[in-house]
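Good morning, and thank you for coming. I should like to walk you through one model, helix by helix and contact by contact.

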Amino acid sequence: MSLRADTPAPAGTRVRRFTRTERWVHRATAALMGVCVVTAACLYIPQLAELVGRRELVVRVHECAGLALPVPVLLGLASRVFRADLRFLNRFGPHDRLWLRAALRRDKRRSSRPAGKFNAGQKIYAAWIAGAALVMLGTGLMMWFTHLTPLAWRTGATFVHDWLALTIGIVLAGHIGMALGDPEARRGLRTGLVTRAWAAGEHPLWRP
């Protein structure tokens, strides 16, 4: 009988995937990113702007959430395990190229998608979202402190900020969609534990 993802597995069949610190960093970052996305939607979509009102308050909440976005990651750096996982995310090996080729061919066989603790898709997403967040922070500061930069810079910053925000919203929707399709991965982020069977199937090169 196979284990269902929505059925708690016996303790002996589970392995530790994420520590409490790592789960806290992910939740706090996700919450702040969610506030940024929702407030941005309220600022740029007329129907939502009319429904919510109080534009000045929404702007302040958006600014504060954006400034706070790097804080959970910076605090997480105090954890040795978190720093180790960042190193894993930052390393792209031959097996990651195999994973990407299989993904582009839509080859769903697990044997054709070798992965360590993080697969190539997760590595690319982490690098992209980290870079995008830094660009959003930089352009947002230019738009906020108008007296520090020339008008041409602020105009360019506004253009980049607005279009990158739309791109981030689309990418986040895809990220959430992928998570919804993998209950065991969500369990790992919620409890820190995953089944050995899932780890062996989805991340065969990972040695917990």
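Just after H6, Arg106 adopts a positive phi of about 60°. Helices here are DSSP runs (H or I, at least four residues), numbered from the N terminus.

A word on the source. This is a predicted model, in which local features need pLDDT of at least 70 and side-chain atom pairs count only at pLDDT 80 or more, while totals for chains, interfaces and linings use all residues. Residues are numbered from 1 along each chain as its sequence is written, and side-chain values use heavy atoms, with hydrogens and water left out.

The mean pLDDT, the predictor's confidence in each residue from 0 to 100, is 88 for the protein, and 94% of its residues reach 70 or more. Over residues 1-9, however, pLDDT stays under 50. Where pLDDT is low, the predicted coordinates should not be read in detail.

Which residue of H7 pairs with Asp96? The partner is Lys123, through a salt bridge of 2.8 Å, N to O, so the pair ties together parts 27 residues apart in sequence. By salt bridge I mean a side-chain nitrogen of Lys or Arg within 4 Å of a carboxyl oxygen of Asp or Glu. Asp96 has a relative accessible area of 0%, and Lys123 is buried at 8%.

A second salt bridge, of 2.9 Å, joins Asp85 and Lys117. Asp85 belongs to helix H5 (residues 80-89) and Lys117 to the loop between H6 and H7, 32 residues apart; both are buried.

His203 follows helix H10 (196-202) and is buried, at 2% relative accessibility.

Finally, Glu56, Arg60 and Glu63 form a network of salt bridges. Within it, Glu56 and Arg60 meet at 2.7 Å, N to O. Glu56 is exposed at 51%, whereas Arg60 is partly exposed at 38%.

Key:
Contact means heavy atoms within 4.5 Å. Helices (H or I, at least four residues) and strands (E, at least two) are DSSP runs, numbered from the N terminus. Buried means under 20% relative accessible area, exposed over 50%, partly exposed in between (1.4 Å probe, protein chains only).
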